[in-house]
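Dear colleague,

I am passing on to you the structure that follows, together with some notes on what was found in it. Please look through it before reading on.

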Amino acid sequence: MSDEKHKRCIVCGLVEPEDDAICIHCKAVIRGEAIEHRHQEKKDADRVLHKEGSGDIPKH
Ligand SMILES: [Zn+2]
């Protein structure tokens with residue numbers, strides 16, 4: 001029974017992470033920020049793919 005086994009999140013230092021150095025909550029926050037960035041890119045990509053997939057030729 002050693003406290004060494006109980007690690008604390010290196011980000012918030014409050015929660016015990018399951019098997020990482022960062023707890024799920026902080027992970028979600030970090031991921032959320034990353035996803036937000038990707039979301040915008042994916043949106044644009046989806047738009048392009050949708051245009052091509054629908055068979056409509058984009059006019060420029
Ligand atoms: Zn945390």
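What percentage of the 60 residues in the protein do buried residues make up? They make up 2%, where buried stands for 20 or more other C-beta atoms within 10 Å of the residue's own, exposed for 12 or fewer and partly exposed for anything in between, with C-beta atoms placed from the backbone. This is a predicted model, in which local features need pLDDT of at least 70 and side-chain atom pairs count only at pLDDT 80 or more, while totals for chains, interfaces and linings use all residues. Residues are numbered from 1 along each chain as its sequence is written.

The secondary structure comes to one helix and zero strands, these being DSSP runs numbered from the N terminus (helices: H or I, at least four residues; strands: E, at least two).

R8 lies in the segment before α1 (24-54), and it is partly exposed because 13 other C-beta atoms are within 10 Å. Although 14 residues separate R8 from I22 in sequence, their C-alpha atoms are 7.8 Å apart.

G13, also in the segment before α1, counts as exposed, with 9 C-beta neighbours inside 10 Å.

Best wishes
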